[in-house]
Amino acid sequence: MLSVQMYLTLCSFIILSSFAQELRHKPVGTKPVRLFTDEDLAKYNGQEDGQPIYMAVKGVVFDVSSGKDFYGKDAPYNALVGKDSTRAVAKMSLEPDDLTSDTSGLTEEQMKALEDIFINVYKAKYPIVGYTSRRILNEDGTPNKNFKPEDQPNFTIKEEF
């Protein structure tokens, strides 16, 4: 029969071993992504010093803080941050009406430009920190059945949920 002290020592060893095992399997430097509402994303608009600068393209939220000279306060592309600016990126526009996630009415050429910029600029240069809620949820708050986490960049079920 095990003594209480031996039992507690054995339990502690098992718990610590499990914890160490979990740590070995989690890739170093990865952070879970998060879901952003429009209100959440608006807080990261580059207006406050020390606050990260986020913008979304195609529902993917990027940390563009390393491009502060372009996206920070009073910078040339500051209008794009703190929101999903998919349409503006596709049209290469800073017009207020284009600062939206709506892609309806875009030409095939604009959609192609959007995909190119999305992959070769944003995904190549900036870390993904999350997704907009509209990408995962319908307007009424129900889950978007077409959203598949396994098809999303940097969004793995094992690590994020």
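Asn-78 sits in the loop that runs between helix H3 (68–71) and H4. In this predicted model, Asn-78 counts as buried because its relative accessible area is 15%, and the cut-off for buried is under 20%. Leaving aside residues up to four places away in sequence, Asn-78 touches Asn-45, Gly-46 and Gln-47, and also Phe-70, Tyr-71, Gly-72 and Lys-73.

Tyr-71 turns up again in the lining of the second largest pocket. That pocket has a volume of about 160 Å³. Tyr-77, Leu-80, Ala-88, Val-89, Met-92, Ser-93, Leu-94, Ile-117, Val-121 and Tyr-122 also line the pocket. Sorted by class, the lining comes out as ten nonpolar residues, one polar and no charged ones. Helix H4 (86–91) and helix H5 (108–125) each put in at least two lining residues, and H5 gives the most, with three.

The protein chain averages a pLDDT of 79, and 71% of the residues score at least 70.

| Stretch | pLDDT | Contacts in the model |
|---|---|---|
| Residues 6–28 | below 50 | four, beyond near neighbours in sequence |
| Residues 154–161 | under 50 | 20, beyond four places in sequence |

Conventions:
Residues are numbered from 1 along each chain as its sequence is written. This is a predicted model: local features need pLDDT of at least 70, side-chain atom pairs count only at pLDDT 80 or more; totals for chains, interfaces and linings use all residues. Side-chain values use heavy atoms; hydrogens and water are left out. On a 1 Å grid over the protein atoms alone, a cavity is a set of points where a 1.4 Å probe fits but cannot get out, and a pocket is an open set with protein on both sides within 12 Å along at least five of seven lines; lining residues have an atom within 4 Å of a point. Grid points are joined across faces, edges and corners, and a volume is the space filled by probe spheres set on the points. Helices (H or I, at least four residues) and strands (E, at least two) are DSSP runs, numbered from the N terminus. Ala, Val, Leu, Ile, Met, Phe, Trp, Tyr, Cys and Pro count as nonpolar, Asp, Glu, Lys and Arg as charged, and the others, Gly among them, as polar. Buried means under 20% relative accessible area, exposed over 50%, partly exposed in between (1.4 Å probe, protein chains only). Contact means heavy atoms within 4.5 Å. pLDDT is the predictor's confidence in each residue, from 0 to 100.
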